[in-house]
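User: Could you walk me through this structure, starting with a residue on its outside or inside?

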Amino acid sequence: MTLLSNRYSCLILVDIQEKLLPVMADSEGVVKNAALLCALARSLDIPIIASQQYPQGLGETHASLRPYIETSSMRIDKVTFSAAASPDFLGALCRHEARKQLVIVGIEAHICVLQTALDLLRRGYQCFVVVDGVSSRKKASVDVALSRLQQQGCSAVTTEMVLFEWLQKAGTPLFKEISQKIRSG
């Protein structure tokens with residue numbers, strides 16, 4: 001695997017929905033880290049694609065993330081556990097065909113995140129699962145999902161790893177802005 005590149009990355013938000021979040025472990029951390037990634041992705045023109053599992057029953061994507069997906073990307077409703085099983089999701093991803101590095105955050109780690117990442121890996125994408133950006137109801141489910149994903153070839157990364165690999169260097173106004181957000185969060 002290589003370092004992440006802001007020229008070849010795409011950010012994938014998997015089912016970070018309002019009615020699911022209250023029962024997830026560290027849901028605040030997932031939303032905070034997803035928002036950090038979305039903010040930098042927007043600044044660097046990195047596409048953001050969000051899936052929503054049955055939004056009629058499980059609600060919309062968390063309100064703090066909606067501005068990022070309404071203005072700079074796509075939001076895909078689905079009923080399949082894997083977002084990659086949705087033709088609409090695959091169509092959105094294909095619009096960014098040069099972007100083969102997929103940074104994945106979301107819930108639940110052991111169901112929709114896992115199935116999405118494994119399907120995308122099988123389709124030839126490099127998948128980077130953000131360990132502090134995924135959750136499930138039980139921590140053990142997250143641990144097993146992350147272990148299985150790594151065994152299958154996905155890279156485990158942290159939010160800060162992604163941010164600083166996308167930035168590539170210090171001393172820029174964008175670096176200072178992101179560093180401030182990290183320190184204040």
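User: Is Arg 95 buried or exposed?

Analyst: Arg 95 has 56% relative accessibility, so Arg 95 counts as exposed (exposed is over 50% relative accessible area, buried under 20% and partly exposed in between, with a 1.4 Å probe and protein chains only). This is a predicted model, in which local features need pLDDT of at least 70 and side-chain atom pairs pLDDT 80 or more, while totals for chains, interfaces and linings use all residues. Residues are numbered from 1 along each chain as its sequence is written, and side-chain values use heavy atoms, without hydrogens and water.

User: And where does Arg 95 sit?

Analyst: Arg 95 is in the loop between helix H4 (87-94) and strand S4, where helices (H or I, at least four residues) and strands (E, at least two) are DSSP runs numbered from the N terminus. The C-alpha atoms of Arg 95 and Asp 45 are separated by 14 Å, and the two residues are 50 residues apart along the chain.

User: Let's go inside, then: which residues have the most contacts inside the largest nonpolar core?

Analyst: Leu 11, Leu 13, Ile 16 and Trp 166 have the most contacts inside that core, which has 35 residues (a core is a set of buried Ala, Val, Leu, Ile, Met, Phe, Trp, Tyr and Cys residues joined through side-chain atoms within 4.5 Å). Among the elements that give two or more residues to this core are strand S1 (9-14), helix H1 (27-43), strand S4 (101-107) and helix H8 (173-184), and its largest share, 10 residues, comes from H1.

User: What does Leu 11 touch?

Analyst: Leaving out residues up to four places away in sequence, Leu 11 touches Leu 37, Cys 38, Ala 41, Ile 46, Pro 47, Ile 48, Ile 49, Val 103 and Trp 166, with contact taken as heavy atoms within 4.5 Å. Another core lies apart from the largest one, and its 29 residues include Cys 10, Ile 49, Ala 84 and Leu 146.

User: New topic: at what angle do H5 and H6 pack?

Analyst: Helix H5 (residues 109-122) and helix H6 (residues 139-151) pack at an angle of about 15°, and their axes are 9 Å apart, which makes H5 roughly parallel to H6 (angles under 35 degrees count as roughly parallel, over 145 as roughly antiparallel, 65 to 115 as roughly perpendicular and the rest as oblique). The axes are lines fitted to C-alpha atoms over the stretch in contact, with angles running from 0 to 180 degrees between N-to-C directions. On the H5 side, Ala 109, His 110, Leu 114, Ala 117 and Leu 118 meet Ser 141, Val 142, Ala 145, Arg 148 and Leu 149 of H6.

User: Where is the cis peptide bond?

Analyst: The cis bond joins Ile 107 and Glu 108, with omega about -15°, and Glu 108 belongs to the loop between S4 and H5.

User: Which residue has a positive phi of about 50° although it is not a glycine?

Analyst: That residue is Asp 26, placed in the loop between S1 and H1, and Asp 26 counts as exposed because its relative accessibility is 55%. Tyr 54, also not a glycine, has a positive phi near 40°; Tyr 54 lies in the loop between S2 and helix H2 (55-58) and, at 44% relative accessibility, counts as partly exposed.
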